[in-house]
Amino acid sequence: MSDSYDVVIAGGAAMGASTAYHLAADPAFRGRVLVIEKDFSYARAATSLSLSSIRQQFSSPVNIRVGLAGVAFLKAAKVTLAVDGEGPDLPITESGYLYLASDAGADTLRANHAIQIAEGADIALLTPDETKARFPFLDMSGIALASLGLSGEGWFDSYSLLQAFRRKAQSLGAVWRQDEVVGVERDGLRVTGARLASGERIGCGVFVNAAGASGAARLARACGVAIPVESRKRCVFVFEARRLSEKFPLIIDPSGVYVRPEGRHYVIGGPPPEPDLDTDDFEVVWEQFEETLWPALAARIPAFEELKLIRAWAGHYDLNTFDHNAIVGLMPGYDNAYLAAGFSGHGVQQSPAVGLGLSELIAHGRYLTLDLSDFAYARIAAGRPLLERNVI
């Protein structure tokens with residue numbers, strides 16, 4: 001081994017950087033942390049290409065709690081992540097999520113709302129008339145009920161969060177190295193070292209696989225563990241249109257199409273054309289806008305029948321094909337290797353809570369702040385999915 005660290009983290013985007021920061025900031029942890037990241041530009045990282053939204057409108061208590069914890073962290077980050085008295089600027093545009101439900105989805109929306117309120121989320125159910133009064137630009141045809149986040153939901157700058165995590169972690173002693181973990185060396189149930197693409201071998205006391213959409217499943221396989229995680233391409237389109245409201249929420253139509261403001265423009269995305277395959281392709285599917293997204297958008301918001309398409313990009317997220325929820329905790333077959341994968345589009349917003357949880361498992365052997373055991377791999381081995389009830 002050319003070097004040795006107490007904790008080696010594969011992947012230095014939001015999840016890996018959050019874990020490194022929380023470990024370095026824990027008074028009970030006095031070890032050395034190394035983060036291995038293959039691309040310091042983060043140009044194709046899901047963190048950089050994410051729409052960076054955060055919500056509590058889930059149906060499972062653990063996801064709601066993680067969302068609430070993420071909002072609280074972002075609001076305190078200017079102090080918490082300050083270095084030499086200078087804190088990051090991480091404002092949340094708290095315009096909320098607006099879920100629109102058809103008759104088929106109304107009961108699901110009510111059931112979800114009851115759980116959200118019980119967990120302390122600030123969510124309101126709205127009738128079609130109440131929704132129309134708030135957002136008169138909406139065509140409410142086919143809508144039976146709506147759900148709006150009144151506070152704590154919206155969007156933020158995920159790239160700035162990543163850099164704030166990294167800067168703070170490094171100020172506390174964590175080290176970043178540009179390379180890629182391609183495998184591990186083990187002795188029984190323990191990882192003893194990480195093998196890098198450069199040929200270097202790094203000794204480690206604890207290993208964390210946070211390699212994201214492009215690498216977590218591949219790295220897990222290299223460790224002898226099969227996880228049901230695949231990389232999925234999602235396209236986001238930016239358009240220019242008339243400004244309709246100063247407090248325009250992130251709107252999710254029953255079709256699955258979503259839209260929200262982005263500065264002076266709007267962004268839109270939705271279910272991809274079939275088939276939805278595991279891929280490493282970053283090419284934009286331009287016909288998706290014309291054929292599926294724009295027609296659904298114009299039907300729901302007639303003012304957007306006239307718009308100007310500005311640009312688009314494609315990014316990936318790590319889809320957990322088992323139940324579309326995160327896999328967090330010990331990697332099966334190891335007692336000192338951890339996994340953070342399969343976030344299915346929720347990774348950036350869940351990075352503050354999950355990074356803290358992983359750091360607690362490593363430093364204390366258990367969750368102290370927020371119990372994330374519902375995300376453990378054991379549910380997959382047992383065939384017990386953690387399902388989110390979808391609204392249609």
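Predicted model: local features only at pLDDT ≥ 70, side-chain atom pairs only at ≥ 80, totals over all residues.
What is the volume of the largest cavity in this protein?

The largest cavity has a volume of about 50 Å³. With a threshold of 30 Å³ or more, the count comes to one cavity. Its lining consists of Ile251, Asp253, Val257, Tyr258, Val259, Ala296, Leu297, Arg300 and Ile301. Two elements give two or more residues to this lining, namely strand E14, residues 258–262, and helix H8, residues 287–300. Of these, H8 provides the largest share, with three residues. In terms of class, seven of the lining residues are nonpolar and two are charged, while none is polar.

Let me now step back to the chain as a whole. The protein chain contains 10 helices and 18 strands. The C-alpha trace spans about 65 × 50 × 40 Å along its principal axes. For 392 residues, a compact globule would have a radius of gyration near 21 Å, and the chain has 21 Å, so the two agree.

Eight strands form an open sheet with mixed pairing, and their order is E5-E6-E4-E13-E14-E15-E12-E16. Which strands stand at the edges of this sheet? They are E5, residues 123–126, and E16, residues 308–320; each has a single partner strand, so one side of each is left without a neighbour in the sheet. On average, neighbouring strands are turned by 20 degrees against each other, direction ignored.

Strand E4, residues 97–101, runs antiparallel to strand E6, residues 145–149, and four bridges join them. In this pair, Tyr99 of the model stands opposite Ser147 in E6.

Two helices that pack on the sheet deserve mention. Helix H4, residues 103–118, touches E4, E5 and E6, and its direction makes about 155 degrees with that of E5. Helix H7, residues 212–222, touches strand E12, residues 229–240, as well as E16. The direction of H7 makes about 20 degrees with that of E16.

There is also strand pairing that involves E1, residues 3–10. Seven bridges join E1 to strand E11, residues 201–209, and the two run parallel. Here Tyr5 has Cys204 in E11 as its bridge partner. E1 is also joined by four bridges to strand E2, residues 33–37, again in a parallel arrangement. In that pairing, Val7 stands opposite Val33 in E2.

Finally, I come to a pocket. How many residues line the second largest pocket? The lining comprises 17 residues, and those nearest the centre of the pocket are Ser52, Phe156, Asp157, Arg260 and Glu262. The volume of this second largest pocket is about 320 Å³. Helix H6, residues 158–171, and strand E14 each supply at least two residues of its lining. By class, the pocket lining has eight nonpolar, five polar and four charged residues.

In the open sheet, E14 stands between E13 and E15. Thank you for your attention.

Notes: Residues numbered from 1 in each chain as written. Heavy atoms only, no water. 1 Å grid on protein atoms, 1.4 Å probe; cavity = no way out; pocket = protein on both sides within 12 Å on 5 of 7 lines; lining within 4 Å. Points joined across faces, edges and corners; volume = space filled by probe spheres on them. Nonpolar A, V, L, I, M, F, W, Y, C, P; charged D, E, K, R; others polar. Pairing = 2+ DSSP bridges. Axes fitted to C-alpha atoms, helices over the stretch in contact; angles between N-to-C directions. Contact = heavy atoms within 4.5 Å. Rg over C-alpha atoms; globule rule 2.2 N^0.38 Å.
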